[in-house]
Amino acid sequence: MTIVIGFEGSANKIGIGIIRDGEVLSNPRRTYITPPGQGFLPSDTARHHRAVILTVLKEALEQAGLKPADIDCVAFTKGPGMGSPLVTVALVARTVAQLWGKPLLGVNHCIGHIEMGRLITQADNPTVLYVSGGNTQVIAYSERRYRIFGETIDIAVGNCLDRFARVIKISNDPSPGYNIEQMAKKGSQYVELPYTVKGMDVSFSGITSYIEEAAHKMISSGQCSAEDLCFSLQETVFSMLVEITERAMAHCGSGEVLIVGGVGCNLRLQEMMGVMCKERNAKLFATDERFCIDNGAMIAQAGWEMFRSGQVTELEDSWITQRYRTDEVEVTWRD
């Protein structure tokens, strides 16, 4: 049996998870939450992570009922993500690996999401829609790489939703996206917003700029409610995502879609993708907030796959990078 511990802290979540041969033994997590109207700064986020990481580590070991001696490998998020939080978590992972005398593994954050999704849903070879606060990509596996077929050319879909939430002062607890989703359920009027798909790619900066400028005018003039804007924004950006996912499926001849990343918890996105999949006689796979939101177990699972295929990261190569493309990683654990 191979047991891997995974450290994740690339954004405002700090998580440590332990995986034993496909079984999640523990997966505690903490979230840095800012007041309504504010985002999270890298330095403040790193300070939050430093304050709680040892508590989360203790919880992970206790919940799993394991001692450091039982761990076979220490995996951590190498990137992409926010610099200061990544450094904080990598430092702890490196220290723990040396103290415990265990091999170290730097993991690509996106591949952590994909491998966790594949494990939990048992999807075979899906077209992957990866949607989060920092990333938006349509991905498919081919010849030892996760190939990016389409992506955002500017900001991520989660960042678009977060920025809108800040404009109209929606709470960040538990997350802006979740609160937008709940408000959208009460919206009834569709407000037309900029829709930008360019081939296989999407752009969210135009719709973000438009809604940031127009939101207060529309709401104060009685043209629509905040709930209507939440509804309209979701319908528009999710339609864009479904369109490029379907195009990638057609290109790859794929019969499966897997949605991963924090925005992937959104039930409306899952519903819209489900309609498209049904029309194509395809299967939709998605996970709940335990595994689609950033967590340590996903890094442990990707680390488990990598470690079992013979990969390790030497200490001098255990630096972090804010820019780490999904297709940079050689996938040595698949056919």
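The model is predicted; local features need pLDDT of at least 70, side-chain atom pairs count only at pLDDT 80 or more, and totals for chains, interfaces and linings use all residues. Residues are numbered from 1 along each chain as its sequence is written, and side-chain values use heavy atoms, with hydrogens and water left out.

**First annotated site**

- An unreviewed UniProt entry gives the annotation "binding site" to His109, His113, Tyr130 and Asp294. These four are spread over 186 residues of sequence, yet they cluster in space, with a largest C-alpha distance of 12.0 Å.
- UniProt positions are in the numbering used here, feature names are shortened, and annotations may be inferred rather than shown by experiment.
- His109 sits in helix 3 (residues 109-121). Helices (H or I, at least four residues) and strands (E, at least two) are DSSP runs, numbered from the N terminus.
- His109 counts as buried because its relative accessible area is 3%. Buried means under 20% relative accessible area, exposed over 50%, and partly exposed in between (1.4 Å probe, protein chains only).
- Contacts of His109 beyond four places in sequence include Tyr130 and Asp294 of the same annotation. Glu8, Ser10 and Thr77 are also among them. Contact means heavy atoms within 4.5 Å.
- The side chains of His109 and Ser10 make a polar contact of 3.3 Å. Such a contact is a pair of N or O atoms within 3.5 Å; within protein, one must be able to donate a hydrogen and the other to accept it, and residues adjacent in sequence count only if both atoms are side-chain atoms.
- His113 is also in helix 3. It is buried, at 1% relative accessibility.
- Setting aside residues within four places in sequence, His113 touches Tyr130, Val260, Gly261, Cys292, Ile293, Asp294 and Met298.

**Second annotated site**

- Another "binding site" annotation from the unreviewed UniProt entry covers Tyr130, Val131, Ser132, Gly133, Gly134, Asp162, Gly177, Glu181 and Asn266.
- Val131 belongs to strand 7 (residues 127-131). Its relative accessible area is 0%, so Val131 is buried.
- Among the contacts of Val131 outside four places in sequence are Val157, Leu241, Ile259 and Leu269.
- Asn266 lies in the loop between strand 12 (256-260) and helix 8. Asn266 is buried, with a relative accessible area of 5%.
- Beyond four places in sequence, Asn266 contacts Glu181, Gln234 and Phe238.

**Helix packing**

- Helix 5 (residues 176-184) has Pro176, Asn179, Ile180, Glu181 and Ala184 buried. Their cover includes helix 4 (157-167), helix 7 (226-252) and helix 8 (267-279).
- Met272 is in helix 8. At 13% relative accessibility, Met272 is buried.
- Met272 touches Glu235, Phe238, Ser239 and Val242, leaving out residues up to four places away in sequence.

**Second largest pocket**

- The volume of the second largest pocket is about 260 Å³.
- Its lining has 16 residues, with Lys78, Gly106, Gln311, Thr313 and Tyr324 nearest the centre. On a 1 Å grid over the protein atoms alone, a pocket is an open set of points where a 1.4 Å probe fits, with protein on both sides within 12 Å along at least five of seven lines; lining residues have an atom within 4 Å of a point.
- Grid points are joined across faces, edges and corners, and a volume is the space filled by probe spheres set on the points.
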